[in-house]
Amino acid sequence: MNGFPDARLLGRDIPRQEDPKLIRGAGRFVDDIDLPGLLHAAFVRSPHAHAAITSIDTADAAALPGVHAVWTLDDLAPHLADTRLVVAMPSPSYRLELHRPVLARTEVVHVGEPIAVVIAENRYIAEDAAALVAVEYDVLDVVADCAAALQPGSPTAHRDAPSNLVADMTIGYGAVDDAFATAPHRVQERLWIHRGGSHSMECRGLVAVPDPLEDRLTVWNSTQMPHAARRLLCDILGLHERQIRVVTPDVGGGFGPKLIFYPEDVGVSLAARLLQRPVKWIEDRREHFVATTQERDQAWDVEMATDAEGRILAIRGTVIHDHGAWTARGVNVPQGAVSAMPLAYVVPAFRMQILAASTNKVPVTPVRGAGQPQGVFAMERLLDAAARTLNIDRAEIRRRNLVPSAAMPYETPIRTRGGIAVTLDSGDYPACQQMALDGADWDGFPARRTEARTRNLYRGIGLANYVEATGRGPYEHVSIRIEPSGRIFVATGAAAMGQSTETMLAQIVAEQLGADLSNITVTTGDTAAAPAGIGGSNSRQAVMAGSSAHAAALRLRERVLDIAGELMEVAPADLDIVGREVQVKGVAQMRRSLAEIARSVAGTAGFVLPGQAGPGLAASEELVIDAMTYANGTAVAEVEIDIETGAISVVNLVFGHDCGRALQPRLVEGQLMGGIAHGLGNALFEFMAYDENAQPLTTTLAEYLLMTATEMPRVTILHMESPSPLNALGIKGVGEAGVIPIGAAVASAIDDALAGFGVTIDRLPISPVDLLKLLDAARER
Amino acid sequence: MTRKVTLTVNGTVRSASLPDRKTLADLLRQDLGLTGTHLGCETGLCGACTILLDGRAVRSCLMLAVQAEGHSIITVEGLAPSATELHPLQQAFCDEHALQCGFCTPGLLTTLVEFLHDVPDPSAAEIREAISGNLCRCTGYDTIVKATLSAAARMRAP
């Protein structure tokens with residue numbers, strides 16, 4: 001399907017701008033940056049989940065040959081406007097203020113928290129020296145579990161905190177309790193939902209380069225949000241915006257945690273200024289497990305009231321959310337989870353309380369999906385429970401409750417974290433579910449179940465629906481300039497991290513300006529190239545930066561044709577931009593190059609510009625779109641289970657989805673497939689384990705299992721295109737969609753496979769060991 | 001301890017003086033400037049740093065540079081026949097959208113060069129097995145398998 005039938009480039013697969021360098025290993029990732037005089041940083045990190053620091057002795061470390069500095073917070077504090085990272089997004093729900101320090105000085109609150117920074121000639125020496133820093137601790141009581149954290153008498157994750165309740169928020173509407181009081185049916189679930197880390201293949205890292213001549217600092221940072229990083233660095237180092245440039249080089253995957261501003265960003269940037277030498281820090285994988293933010297545990301206690309036909313009357317419950325030790329972003333993960341929960345369905349009354357609990361673990365912030373997989377899991381578990389209780393087919397009960405297409409746009413009473421109404425802008429959810437069911441041959445499943453039994457396997461099928469909030473505003477900056485060389489330069493505040501952002505913007509701009517992709521240079525994620533920007537998160541960059549690019553390109557096109565019209569004495573309506581030229585339609589030999597047109601308005605000192613055009617060929621746009629656009633889809637999973645070993649194989653997965661018009665079908669599928677793999681990992685493998693002392697147990701990729709090629713099932717992706725009315729291109733975001741319904745669909749399929757045993761899934765991930773325990777318990781009943 | 005290491009990299013004899021404990025990956029990246037070989041875990045588990053040592057796929061993060069003395073190494077920078085032409089695997093990766101962020105790609109390419117040398121006409125399942133030690137967080141692997149099948153067919157063509 002091509003949603004742009006009249007377009008030259010939109011809706012078509014085009015070669016990626018990013019590939020020629022990456023495929024030869026000629027990309028420039030942050031660790032690839034080398035400079036004369038480069039020094040290397042390593043961080044001393046807490047081995048304890050909770051302890052008071054009684055002393056720090058850096059003498060032995062500082063004495064090691066090749067060491068340039070060993071600094072604690074005491075050393076850095078005189079140079080900092082604030083010793084804490086004040087990054088929490090606003091919310092009235094906070095009960096504790098937990099701004100993390102640049103370096104821990106009196107108390108450590110999670111394993112991996114940085115205490116000192118070492119700068120040395122190379123990383124080998126820096127790590128040797130870090131091991132020589134002697135820190136004495138008094139170990140304190142530990143909070144290792146978010147539910148226990150809120151029990152009376154629990155120790156506190158911070159010794160001076162009155163409790164562990166970080167935030168208390170209720171999202172709801174309608175007469176919930178009245179509905180429950182009179183409803184003929186109700187189902188209840190207690191769920192424990194875990195998600196792990198992002199595990200981009202490239203860990204975090206930065207190189208800070210001082211320029212003593214101009215008293216500036218350039219920070220090459222593998223971040224999703226360069227402009228936010230610059231603002232925070234300016235604030236904390238007491239510098240102004242021209243003194244700090246943050247640039248994202250090629251980024252080896254982001255998936256959420258790279259949008260966070262970290263203590264290491266400050267330590268390394270300040271070290272470069274103090275030493276007047278470039279300083280590099282590259283996170284290793286173990287640090288990624290203990291120092292990069294992650295998602296983790298949520299305990300859901302939820303119930304749903306329905307009528308006799310399975311129509312939802314009300315939902316209520318509580319989520320206890322593991323917030324980790326500090327507020328590194330906000331309460332957006334549990335808020336996103338609860339907000340996503342009812343979205344696909346007509347839910348007349350809804351009330352969910354969120355209790356965010358501090359624990360002595362790594363701070364929690366969004367990972368691809370940002371809570372939405374958990375909310376969808378809870379919703380879909382309730383629907384499966386209701387289907388079971390009422391003896392209604394699982395697809396049918398969803399059909400009865402999905403928001404119908406006739407109701408679009410469908411305004412819900414829910415508000416985003418910014419107070420903006422959640423209005424489902426377009427889509428046909430029942431048709432999308434049907435497309436997925438047909439694609440999965442839902443009705444023909446019983447024969448496959450029977451066949452699997454001949455192989456001594458239990459086969460089940462399950463489904464889950466999701467609606468994803470995408471394209472978070474308020475804006476993204478895009479500027480386009482055609483220079484006298486004739487080349488088109490695009491700059492944006494959007495930040496690329498592997499999702500083909502450069503290709504996407506080049507395509508949108510080229511569509512209006514000649515369709516020659518080789519004539520376009522896109523610069524993403526550079527505060528020197530774009531005066532403002534938000535960056536990469538919330539499946540927003542195609543929607544927000546794409547919309548700005550489209551608007552700017554249309555304006556610039558008009559300007560090019562106006563000027564060319566004056567030069568050629570032809571009406572602009574009779575002109576078109578073809579490749580690097582403006583041509584008279586149908587008379588290709590009557591033409592002017594983009595270079596000539598750009599030169600004609602570049603100006604010569606003392607000479608009048610031609611015509612009425614004014615100077616320069618440029619347009620920039622920061623299109624404001626506050627409302628989010630809502631994508632949707634349905635996953636149908638089939639599993640086979642060996643009840644002797646507990647082994648669960650996902651053998652088939654059909655993903656029917658609607659992300660509005662697809663700019664490039666191949667890129668859409670690529671984004672979805674990555675998300676689906678991530679979702680399968682969350683469903684079956686990925687588990688960030690801690691012991692009862694909050695010591696992390698999974699700190700290598702041998703202990704924490706990512707999906708490999710052999711675990712991937714057959715995946716079929718089916719597309720619908722319901723254009724969004726909120727932007728001119730009709731697009732919706734797709735970067736996170738794949739991950740959202742997978743855990744719920746797999747759980748539904750496992751239930752179905754083991755229905756004869758009465759096993760139901762109430763947690764994610766579900767390991768073979770978990771499954772054997774459930775089977776044993778079921779047999780005992 | 002510092003000692004001199006001499007080895008052949010992408011067809012050129014190179015040497016460097018370096019400490020005994022320096023890894024082969026760091027030699028390639030830092031001393032020889034071949035930053036196409038990426039480090040994703042430094043524990044031999046992600047496969048991003050895979051290079052070819054005398055034609056065999058090897059994790060350069062798990063090998064000391066001094067152990068490479070006298071050996072011949074091919075990195076991702078040495079796969080393409082020229083500045084204008086790509087190796088069939090590289091071309092197929094681009095054609096099939098088998099890379100997104102591109103960080104794991106060099107290790108996948110080198111792993112697959114060895115594999116297709118040994119198994120020129122593989123099945124999809126054999127390819128999956130061959131790359132099961134290479135982690136990719138972006139693609140979900142399907143396009144990598146497709147690209148490898150297509151490159152294998154091209155490489156078999158007379």
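## A guided tour of packed helices and a chain contact

Begin by selecting helix 10 (residues 332–340) and helix 11 (residues 372–390) of chain A, which pack at an angle of about 35° with their axes 7 Å apart. This is a predicted model, in which local features need pLDDT of at least 70 and side-chain atom pairs count only at pLDDT 80 or more, while totals for chains, interfaces and linings use all residues. Residues are numbered from 1 along each chain as its sequence is written, and chains are lettered from A and ligands numbered from 1 in the order in which they are written.

Helices (H or I, at least four residues) and strands (E, at least two) are DSSP runs numbered from the N terminus. Axes are lines fitted to C-alpha atoms, for helices over the stretch in contact, and angles run from 0 to 180 degrees between N-to-C directions.

Helix 10 and helix 11 of chain A make a right-handed crossing (the near helix is turned clockwise from the far one by less than a right angle; anticlockwise is left-handed). Next, display A:G336, A:A337, A:V338, A:S339 and A:A340 of helix 10, which meet A:Q372, A:Q374, A:G375 and A:V376 of helix 11. Residues are in contact if their C-beta atoms, placed from the backbone, lie within 7 Å. This contact of helix 10 with helix 11 of chain A has four nonpolar, five polar and no charged residues (Ala, Val, Leu, Ile, Met, Phe, Trp, Tyr, Cys and Pro count as nonpolar, Asp, Glu, Lys and Arg as charged, and the others, Gly among them, as polar).

Now select helix 12 (residues 394–401) and helix 13 (residues 429–439) of chain A, whose axes come within 10 Å and cross at roughly 160°. Helix 12 and helix 13 of chain A are therefore roughly antiparallel (an angle over 145 degrees). The contact joins A:A395, A:R398 and A:R399 of helix 12 to A:P430, A:Q433 and A:L437 of helix 13.

Turn to helix 4 (residues 123–132) of chain A, where A:I125, A:A126, A:A129 and A:A130 are buried (20 or more other C-beta atoms within 10 Å of a residue's own). They cover an arc of only 140° around the axis, which puts them on the same side of helix 4; the arc is that of the directions from the helix axis to the C-beta atoms.

Finally, show both chains: the contact takes 43 residues from chain A and 43 residues from chain B. Helix 18 (665–684) of chain A is among the elements supplying at least two residues of the side that touches chain B.

Methods. A residue is buried if 20 or more other C-beta atoms lie within 10 Å of its own, exposed if 12 or fewer, and partly exposed in between; C-beta atoms are placed from the backbone. Angles under 35 degrees count as roughly parallel, over 145 as roughly antiparallel, 65 to 115 as roughly perpendicular and the rest as oblique. Two residues are in contact if their C-beta atoms, placed from the backbone, lie within 7 Å.
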